[in-house]
Amino acid sequence: MSLDLNRTASSKRSIPRRPQLSEDVAGSIRQQIVTGVLQPGSFVRIDEAAAELGVSATPVREALVALRGEGLVEQVPHRGYRVNELSPQDVDDIFWLQGTIAGTLAGRAASVITSEHLELLTALNEGLRNAVAGADTESVEYYEFEFHKCVNKVAGGMKLAWFLLGAVRYTPRLYATNENWGADAVRSHEELIAAFVRRDAEAASDVMRRQFRKWDIR
């Protein structure tokens, strides 16, 4: 198993230019909604959004239809798409779902994890520690994502991991800029690795659930 630990993931990636862009556009608008860039009650103008993202109006229109299905926007006749409010309960539910699924996967991983996996997780957590210390938001996102992806891969619950990824789509990425959250995440990862070393499934599950609850930094 190998991983390029010098690679970083950008939270500000430009929308790639390819024929089918609606999912990418939906992801961009979704993050603007959950992070508060687009306030409840404001309208998403198709032409303005298309110009901002460097795409045509068609994928923006398709993205807004998809986001309407998710309940993030509503269509107002003759006015366009208006942003719906994401309530505190909605946020709590998202974090609860993430913690429940991630905790279950961590518990499963504890019984099958190998020394190679532990070495990789330790290296990823060191990368996260350095990224937090350097206030490198892009690297914080990268190492956090790769750490949890490794745990989920070890657990082998692909369907659960798929549902977890769906929940992550609605998670505000503001956590990556929060220094206190970053320090807590590093410590949480250390506790999780220690639980893995002991092959303590219950402890691993509990640590993971608690970390996801700490993502609620409102």
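Start with S205: setting aside neighbours within four places in sequence, it is in contact with G103, T104, A106 and G107, contact here being heavy atoms within 4.5 Å. S205 sits in helix α9 and is buried at 9% relative accessible area. Buried stands for under 20% relative accessible area, exposed for over 50%, and partly exposed for what lies in between, with a 1.4 Å probe and protein chains only. Keep in mind that this is a predicted model, where local features need pLDDT of at least 70, side-chain atom pairs count only at pLDDT 80 or more, and totals for chains, interfaces and linings use all residues. Residues are numbered from 1 along each chain as its sequence is written, and side-chain values use heavy atoms, with hydrogens and water left out.

**Helices α6 and α9**

- On the α6 side the contact is made by E144, H148 and V151, and on the α9 side by M208, Q211 and F212.
- By type, the residues of this contact split into 3 nonpolar, 2 polar and 1 charged. Ala, Val, Leu, Ile, Met, Phe, Trp, Tyr, Cys and Pro count as nonpolar, Asp, Glu, Lys and Arg as charged, and the others, Gly among them, as polar.
- For the record, helices (H or I, at least four residues) and strands (E, at least two) are DSSP runs, numbered from the N terminus.

- S139 has its place in helix α6 and is buried, with a relative accessible area of 5%.
- Between the C-alpha atoms of S139 and R129 there are 10.0 Å, with the two residues 10 apart along the chain.
- A135 lies in the loop between α5 (115–133) and α6.
- A135 has a positive phi of about 50 degrees although it isn't a glycine, and at 65% relative accessibility it counts as exposed.

**The sheet**

- 3 strands make up an open sheet, ordered β1-β3-β2, with antiparallel pairing.
- At the edges are β1 (43–44) and β2 (73–76), each of which pairs on one side only.
- Two strands pair if DSSP finds at least two bridges between them.
- β1 and β3 (residues 80–83) run antiparallel and are joined by 2 bridges, with F43 standing opposite R82 in β3.
- β2 and β3 also pair in the antiparallel sense, over 4 bridges, and here V76 stands opposite G80 in β3.
- As background, strands of a sheet pair through backbone hydrogen bonds, either parallel or antiparallel.

**The β2–β3 hairpin**

- This hairpin has 3 residues between the strands, and H78 takes a positive phi near 70 degrees in it.
- H78 isn't a glycine, despite that positive phi.
- H78 is found in the loop between β2 and β3, and it's exposed, with a relative accessible area of 87%.
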